[in-house]
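Thanks for making the time this morning.

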Amino acid sequence: MTDAAVDEIRSSTVLPARRTEFELVTDDHLTLVGELAEPLDGPARGTIVTLHPLPTAHGFMDSHVLKKAAARLPALAGIAVSRFNFRSVTSPRGTSEGSFGDGESEGFDLRAAVQDIEARGLPKPWLVGWSFGTEVILKHALEHVERGAVAGVVLLSPPLRRTTDEELVRWRGVTVPVVALVPEFDDFLRPDAAVAQFAAVPEVQVVPVAGAKHLWVGEKYVRIVLDAIADLVVPGSAPLPTEWDHTA
């Protein structure tokens with residue numbers, strides 16, 4: 001292998017994967033659009049279902065951390081990545097039907113996404129929510145955890161603005177890992193406050209990320225997030241490579 005055959009993995013890098021556009025149909029009869037990225041060189045070693053930031057603040061399935069997860073994790077860690085637009089949301093993939101539900105009716109969207117993974121026979125997924133996506137998880141995902149359909153949960157920048165105390169405390173005693181990555185300089189919930197608010201659910205592991213902000217801007221912070229996800233879903237797969245042999 002020569003140096004010329006190796007490229008640095010940059011912000012815009014999209015590594016090889018099998019990419020399939022899909023549609024989800026919710027229990028309230030809406031059609032949502034999404035894409036599944038799977039490893040090219042064999043069956044997936046793990047799966048993540050991603051739930052994007054707030055639609056009314058321009059969050060969508062291509063929000064940068066989630067798009068980069070789909071661009072890298074299938075090739076670097078053997079992880080299948082499912083992304084979809086919540087109801088009412090538009091991206092280059094298309095527009096999901098319906099109207100914004102402020103975290104309530106989006107529970108139907110989450111259920112459809114988990115059921116899609118089950119129907120495909122992929123490894124049971126970790127749920128990866130970012131900002132608003134964490135609220136949908138905390139409000140609605142426990143039913144899927146309790147029936148054994150979810151392997152774990154990652155909460156990126158959880159604001160805990162829509163999740164009620166009653167909804168949060170229901171997670172006490174949860175039997176799958178729940179890891180919250182909390183930026184040091186988050187706009188809504190910083191590490192000390194997160195530790196205090198999650199104290200009602202000691203099973204939640206709060207991981208402060210020094211220097212990071214709510215939107216995880218900067219390749220350094222994207223790599224921290226993707227390394228953390230990869231090592232949870234496929235233990236031992238992190239740190240992820242920072243270079244790619246494009247002749248392999």
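What you see here is a predicted model, and in its largest nonpolar core, which holds 44 residues, the ones that touch the most other members are Leu51, Phe84, Leu127, Trp171 and Phe198. Helix α2, residues 106-120, supplies the largest share of this core, namely 5 residues. Apart from it there is another core, of 33 residues, and among them are Val65, Val209, Ile229 and Ala230.

Let me stay with Phe84, which counts as buried because its relative accessibility is 1%, under the 20% cut-off. Leaving aside residues up to four places away in sequence, Phe84 touches a set of residues including Phe22, Leu24, Leu51, Met61, Asp109 and Ala113.

Now to the rings: how many aromatic pairs does a search of the whole structure find? The search finds 3. In one of them, Phe84 and Phe86 have ring centres 5.4 Å apart and planes at 85°, so the pair is edge-to-face. Phe86, at 0% relative accessibility, is buried, and the rings of Phe86 and Phe132 are also edge-to-face, with centres 5.6 Å apart and planes at 85°. Because Phe86 sits in the loop between β5 (79-84) and β6 (90-91), while Phe132 belongs to helix α3 (residues 132-140), this pair ties together parts that are 46 residues apart in sequence. Phe132 is buried too, with a relative accessible area of 1%. Taken together, ring pairs link Phe84, Phe86, Phe100 and Phe132 into a cluster.

Terms used. Residues numbered from 1 in each chain as written. Predicted model: local features only at pLDDT ≥ 70, side-chain atom pairs only at ≥ 80, totals over all residues. Heavy atoms only, no water. Core = buried A, V, L, I, M, F, W, Y, C linked by side-chain atoms within 4.5 Å. Buried < 20%, exposed > 50% of the residue type's maximum accessible area, 1.4 Å probe, protein only. Helix = DSSP H or I, 4+ residues; strand = E, 2+ residues; numbered from the N terminus. Contact = heavy atoms within 4.5 Å. Phe/Tyr/Trp six-rings, centres within 6.5 Å; stacked < 30°, edge-to-face > 60°.
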